[in-house]
Amino acid sequence: MTADLEAQLRAASLRVTRPRLAVLAALRDHPHVDTDTVIALVRSDLPTVSHQAVYDVLRALTEAGLVRRIQPGRSTARYEARVGDNHHHVVCRSCGVIADVDCAVGHVPCLTASDDHGFVVDEAEVVYWGTCPDCAADRISQ
Ligand SMILES: [Zn+2]
Ligand SMILES: [Zn+2]
Ligand SMILES: [Zn+2]
């Protein structure tokens, strides 16, 4: 299982290190987690790894395109290992839980601006906001 993570790092010209493998594995198993959660997950594997080391790994992996950083609205940054498919996110306004929504078009920008003002548009940020099933059920039972 780590073999394909090692291959991903090598393909991105990144040195294979245990913290990098641990962060990638954590994000593959737990999409859309914040930095503190990544640190906790990595530490269950590598107890001595520092906060700074995890921050550095997240930055390097994001810059290399192996990890996607998302920040819907004003929420804290979340990270995921599902990259390259321009999928979108549906976010619960009550509890902040995030789920993936496949992009109908599949490539950026998937919304055509009615007037692009001469800009070369390379991204349209689409976030769906709503109430997740758990929060909707809570509301009904109250
Ligand atoms: Zn919710
Ligand atoms: Zn996602
Ligand atoms: Zn789309």
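Visitor: Leaving aside neighbours within four places in sequence, what is Leu111 in contact with?
Guide: Leu111 is in contact with Ala124 and Val126, where contact means heavy atoms within 4.5 Å. Keep in mind that this is a predicted model: local features need pLDDT of at least 70, side-chain atom pairs count only at pLDDT 80 or more, and totals for chains, interfaces and linings use all residues. Side-chain values use heavy atoms, without hydrogens and water, residues are numbered from 1 along each chain as its sequence is written, and chains are lettered from A and ligands numbered from 1 in the order in which they are written.

Visitor: Got it. Where is Leu111 placed?
Guide: Leu111 sits in the loop between β5 (98-101) and β6 (127-130). Strands (E, at least two residues) and helices (H or I, at least four) are DSSP runs, numbered from the N terminus.

Visitor: Is Leu111 buried or exposed?
Guide: Leu111 counts as exposed because its relative accessibility is 53%. The cut-offs are under 20% relative accessible area for buried and over 50% for exposed, with partly exposed in between (1.4 Å probe, protein chains only).

Visitor: And how many residues apart are Leu111 and Glu125 in sequence?
Guide: They are 14 residues apart in sequence, and 8.8 Å apart in space, C-alpha to C-alpha.

Visitor: New topic: metals. Which residues are the protein donors of the zinc ion (ligand 2)?
Guide: His32 (NE2), Glu80 (OE), His87 (NE2), His89 (NE2) and Asp100 (OD), at 1.9 to 2.2 Å from the zinc ion. Donors are N, O and S atoms within 2.8 Å of the metal (3.2 Å for Na, K and Ca), and water is not among the atoms, so sites may look incomplete. Along the chain the spacing is H-x47-E-x6-H-x1-H-x10-D. Glu80 and His87 are both buried.

Visitor: Okay, helices now. At what angle do α2 and α3 pack?
Guide: Helix α2 (residues 18-29) and helix α3 (residues 35-43) pack at about 115°, with axes 9 Å apart. Axes are lines fitted to C-alpha atoms, for helices over the stretch in contact, and angles run from 0 to 180 degrees between N-to-C directions. That angle is why α2 counts as roughly perpendicular to α3: under 35 degrees is roughly parallel, over 145 roughly antiparallel, 65 to 115 roughly perpendicular and the rest oblique.

Visitor: Which residues of α2 and α3 make the contact?
Guide: Ala22, Val23, Ala26 and Leu27 come from α2, and Val38, Leu41 and Val42 from α3. By class that's seven nonpolar, no polar and no charged. Ala, Val, Leu, Ile, Met, Phe, Trp, Tyr, Cys and Pro count as nonpolar, Asp, Glu, Lys and Arg as charged, and the others, Gly among them, as polar.

Visitor: How do α3 and α4 cross?
Guide: The axes of α3 and helix α4 (residues 51-63) cross at roughly 110° and come within 10 Å, so these two are roughly perpendicular to each other. Thr35, Val38, Ile39, Val42 and Arg43 of α3 make the contact with His51, Val54, Tyr55 and Leu58 of α4. The classes there are six nonpolar, two polar and one charged.
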